[in-house]
Amino acid sequence: MGNSDDMLSMNNLYEHDLHDSVGNQDCPDIAFCYDDADEHVAEIAELYSYTEHPEFGRNVKAFEDQMEQFNLPPSWQKLSDDQRRSIMLKLMDQLDMSTKTVRMQAARCILYLAQGCWAEVQSDNEQHQMARSNVMLLYEFGVFSMFVELLSLEIENATTANVAMRKVAVSLADSVDLRVILSVLYIMTEVIRNEISTDQEEYKQVVEDFQQELLNPHGDELLIVKLLVMVTRFCSGSAPHFPMKKVLLLLWKISLVSLGGMDTLKRMKNEYRTKAGMTPMTDDTLEVGKSMRASSPPALASDMIDNQNPKRNRPFRRVRTNDMLQESLMKQSSLDEQEQMNLEMETPQSESEEEISEYYRTYDDPTTLNADTNNGADTKMGHSGKPDWMFSPEPQLRMISRLPWTPKVRQKDIDMFLDVSRTKFIGYTLPDDRESLSGLPQPIHESVKILKNHMYISLADVQIKKEEEIARNPVSTSEGEIEMTPAEILYQAILPNLPQCMIALLKILLAAAPTSKAKTESINIMADVLPETMPITVTQSTKLGIDVNRHKEIIVKAVSAILLLYLKHLKINHIYQFEFMSQHLVFANCIPLVLKFFNQDIMGYVGSKNTIPIMDFPACVIGEQPELTSDSMVIGDSAPYSWRNIFSCINLLRILNKLIKWKHSRIMMLVVFKSAPILKRTLKVRHGLMQLYVLKLLKIQAKYLGRQWRKVNMKTISAIYSKVRHRLNDDWAFGNDLDARPWDFQAEECTLRACVDRFNNRRYLSPNGTANRGTTGQGEMIDLDGVIDFCTNSLYGSNQNRCLQTSGNYSIDEVDLSEDFKENYHLWLEEEVYGMRINWDALMVKVE
């Protein structure tokens, strides 16, 4: 009987393991390629809402009417180049007319040309080629600049804004003219941006001219600033009719063309590092992340309940560990604790050898991979029988047992290691001495050597060090010439209104989040998707529901891309520009907002089908259109995931990582908002790059989650060790870092804010307090006859922010010293006078 019981137990175990393997097959790897934007066709299609479909006919009608006035056939393809140029000149003249109807008639005609003259073509490819050639012709005639002026006129149209404000519900009819203008600007921007990615020489000069035009003011401000003003006015309620989706999409693409995408960021970072005398980067996060395999997600409470269903009559579960059957009691705990539990024990003996190779792919010689690529794909399909989309299109790589990252260490970590070692073996420390190792044992010598070999100095460290030097010696230290890079031009343009812009973007993101309820929305982002008359049939209602959800997803995609793009470029340009934007995002509750976004059915969001392929442009206007029914809505919908939703999720995770990295106060916000269960559920999405950023967020807060959390989440801890970069001497999993203790975090933010304000005041404000735009590109020295602030964070009394000012008409007799200062003036002398290091030789150098 004993043998029978053992055989029965073995069968139960086999069925249980089979159930787990089947469950893992239900969640295949997602073959998603993260990039600056989606395919060109998809980006153009997302510009239009499904409710705008009838307006395509109005564009054709406007073109036909114009051709009739010019006594020409209504066919753009049949016209010669001279006739086309003549028509363009006439349309430009009409755009200058004072009569609005005439202007908008010409604008619709130009929109039809930018759309590729879709009524005259027979295929999508033909429409794309026609749109490409027409856009280049339009830009040659200065249509882009003309439409920017038309946009300014519509923005300042107080009549339309007043009518929209008096309405109970704003609809598509309130933004007709604005949508025509924004559509032309967006199509031209997207077509030219697509030329950058194709690297073709035909229109290379056009692309360069366009990039330069975007960085020059249109009138009195940049186009980016104009669009950000539209966003802030919309959120303030003074312009509820603005079509936010089109505004945000145009803002995103204008910023992407002006600043540059991932390749530009990587190139600029290496250039700046080389200029600063540092070695270029060898590990690119995106490149390494794309080569990683997705890890199996940790089991949640629902999965554990399903696995226990066949064994409800037993209070324990049998698991296989080292080929031995062990009984582990099932602890009855709360739902939150159950969600943190996983099945790390239920693995075969060989998992320790195989698990590491599943977490990442290593690089290999590409020349040895091409020959086996097709055979590998055929074998995979033949063995599993799964469709092609379940597998990544990347070539098969030979696995090597090594970590995907080069470990790093900061100079601060080396200093702490030396202080601890000296205190332990010698009994005292040597401040500012990083070379002397006398009295320390040989293993410490080897450890210091290894740490120095892996020491990483970031651009931010160099920039902060330079700012500290300027703050200590403002007279003798010159910043030099400020290079007017695209990021610098952008920062100077948006600096006065940056806090309002960040708040407005986050308001829109909150309103578009899937977890937001109608009662919490303070703004109506559906103004450019809701029709004048509500649908009356089931099919129309279904189409409108899909359109509304699609509209929200596109807005989230655009806002997340804009925020990430600005953060990345500002961080490379200057760390304090990045910190200024980051602090305003944090103060506007960006961290809980992102966590609120991920606190949903993330698998459902990633795999949502909020699209109707036959209604996407240009499929909705080329060829014979089928009748819209519940069956025809799914024609052509074969994608297993939503590209824009995965793109948005990765962007938001990257934003969250950038906001909280090395900021203990913000890390504690993750802990306070209980982000660990939310992030752990996000690991269910089997995409390597997305899981990498989730694991980074879990790693930085692991030391605060307690021993019990780490004990029941060992599979997640193992994934962090295997995927996330190692920081030598970083005890992130144990919580022994002295600097990580959660006290007085407000002082950390205040100190950072003081440094950022000092940087902005010195670099962008003239001595009289007015904004200095830096049009000459020169870094100016502080005028000694003006106001010089020597504000310091003193610890003596309430007058800690008192500034000593020197000017031409200043008298020392007017100083009113407080009693606190008089009692502690000797401490002030010790720290601020005697303890201040002054480079007297530098004071004798003539500063030009």
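Me: What makes Arg727 a buried residue without a salt bridge?
Reply: In this predicted model, local features need pLDDT of at least 70, side-chain atom pairs count only at pLDDT 80 or more, and totals for chains, interfaces and linings use all residues. Residues are numbered from 1 along each chain as its sequence is written, and side-chain values use heavy atoms, with hydrogens and water left out. Buried means under 20% relative accessible area, exposed over 50%, and partly exposed in between (1.4 Å probe, protein chains only). Arg727 is buried. A salt bridge requires a side-chain nitrogen of Lys or Arg within 4 Å of a carboxyl oxygen of Asp or Glu. For Arg727 the nearest side chain of opposite charge, Asp413, is 5.9 Å away, and Arg727 has no salt bridge.

Me: Where does Arg727 lie, and which residues is Arg727 in contact with, leaving aside neighbours within four places in sequence?
Reply: Arg727 belongs to the loop between helix H33 (714-723) and helix H34 (745-764); helices are DSSP runs of H or I, at least four residues, numbered from the N terminus. Beyond neighbours within four places in sequence, Arg727 is in contact (heavy atoms within 4.5 Å) with Lys408, Arg410, Lys661, Trp662 and Lys699.

Me: Why is Gly260 called buried?
Reply: Gly260 counts as buried because its relative accessibility is 9%. Gly260 is in the loop between helix H12 (244-259) and H13. Not counting residues up to four places away in sequence, Gly260 touches Ser255, Leu565 and His569.

Me: Why is Asp432 called exposed?
Reply: Asp432 has a relative accessible area of 73%, and is therefore exposed. Asp432 sits in the loop between helix H19 (411-425) and helix H20 (442-453). Phi of Asp432 is near 65°, a positive value in a residue other than glycine. Most residues other than glycine have a negative phi.

Me: Is Asn589 buried, exposed or partly exposed, and why?
Reply: Asn589 has a relative accessible area of 46%, so Asn589 is partly exposed. Asn589 lies in the loop between helix H25 (575-587) and helix H26 (590-598), and phi of this residue is also near 65°.

Me: What kind of peptide bond joins Phe617 and Pro618?
Reply: A cis peptide bond joins Phe617 and Pro618, with omega about 5°. Pro618 is in the loop between helix H27 (602-606) and helix H28 (643-660).

Technical notes. Helices (H or I, at least four residues) and strands (E, at least two) are DSSP runs, numbered from the N terminus. Lys and Arg count as positive and Asp and Glu as negative; His and the chain ends are not counted.
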